[in-house]
Amino acid sequence: MQRIESLENVETKRVWSVRDFAKRHQLTDIEETRLLQLFGHFATASELLHNVQRQPRWR
């Protein structure tokens, strides 16, 4: 066990629910399932954004 006296220099990371992320970014159910298998129910925003596979949107 380690006691932390000050939290001034501690960085926080934004953690998302994978289901909320998939809903917000309009991902398919297959892609949502793949992310759930990869990370579990929660992951950081950067992990999700770097591992999502989307079809390109052509004009």
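Thr-44 is found in strand β2, where helices (H or I, at least four residues) and strands (E, at least two) are DSSP runs numbered from the N terminus. At 16% relative accessibility, Thr-44 counts as buried; buried means under 20% relative accessible area, exposed over 50%, and partly exposed in between, with a 1.4 Å probe and protein chains only. Leaving aside neighbours within four places in sequence, Thr-44 is in contact with Lys-13, Arg-14 and Val-15, contact meaning heavy atoms within 4.5 Å.

The model is predicted: local features need pLDDT of at least 70, side-chain atom pairs count only at pLDDT 80 or more, and totals for chains, interfaces and linings use all residues. Residues are numbered from 1 along each chain as its sequence is written, and side-chain values use heavy atoms, with hydrogens and water left out.

Strand β2 covers residues 42–44, and Phe-42 has its place there. Is Phe-42 buried or exposed? Phe-42 counts as exposed because its relative accessibility is 55%. Setting aside residues within four places in sequence, the contacts of Phe-42 are Val-15, Trp-16, Ser-17 and Val-18. The C-alpha atoms of Phe-42 and Thr-12 are separated by 15 Å, and the two residues are 30 apart along the chain.

Ala-43 is also found in strand β2. Ala-43 is buried because its relative accessible area is 4%. Not counting residues up to four places away in sequence, Ala-43 touches Arg-14, Val-15, Trp-16, Val-18 and Leu-48. Ala-43 and Trp-16 are 27 residues apart in sequence, yet their C-alpha atoms are 5.6 Å apart in space.

Leu-48 counts as buried, at 0% relative accessibility. Beyond residues up to four places away in sequence, Leu-48 touches Trp-16, Val-18, Phe-21, Leu-35, Phe-39 and Ala-43. Between the C-alpha atoms of Leu-48 and Arg-14 there are 11 Å, with 34 residues separating the pair along the chain.

Which residues make up the largest nonpolar core? This core has eleven residues in all: Trp-16, Val-18, Phe-21, Ala-22, Leu-27, Leu-35, Leu-36, Ala-43, Ala-45, Leu-48 and Val-52. A nonpolar core is a set of buried Ala, Val, Leu, Ile, Met, Phe, Trp, Tyr and Cys residues joined through side-chain atoms within 4.5 Å. Helices α1 (18–24), α2 (29–39) and α3 (45–51) each supply at least two residues of this core. The largest share, three residues, comes from α1. Leu-27 is one of the core residues, and Leu-27 touches Phe-21, Ala-22, Leu-35, Val-52 and Arg-54, not counting residues up to four places away in sequence.

Gln-26 has its place in the loop between α1 and α2. At 67% relative accessibility, Gln-26 counts as exposed. The phi of Gln-26 is near 55°, a positive value in a residue other than glycine. Most residues other than glycine have a negative phi.

Glu-8 counts as exposed because its relative accessibility is 72%. The C-alpha atoms of Glu-8 and Ala-22 are separated by 33 Å, although the residues are 14 apart along the chain.

The remaining values describe the chain as a whole. The protein chain has three helices and two strands, and from the N terminus on the elements run β-α-α-β-α. The radius of gyration of the protein chain is 16 Å, whereas a compact globule of 59 residues would have one near 10 Å; the radius is taken over C-alpha atoms, and the globule rule is 2.2 Å times the number of residues to the power 0.38. Along its principal axes the C-alpha trace spans about 55 × 25 × 15 Å. Buried residues make up 25% of the 59 residues. Among contacts between residues at least 6 apart in sequence, 51% join residues at least 24 apart.

The accessible surface of the protein chain comes to about 5,800 Å², and 48% of this surface belongs to carbon and sulfur atoms; the areas come from the Shrake-Rupley method with a 1.4 Å probe. There are 10 positive and 8 negative side chains in the protein chain, and the centres of the two sets lie 8 Å apart. Lys and Arg count as positive and Asp and Glu as negative, while His and the chain ends are not counted. The place of a charge is taken as NZ of Lys, CZ of Arg, CG of Asp or CD of Glu.
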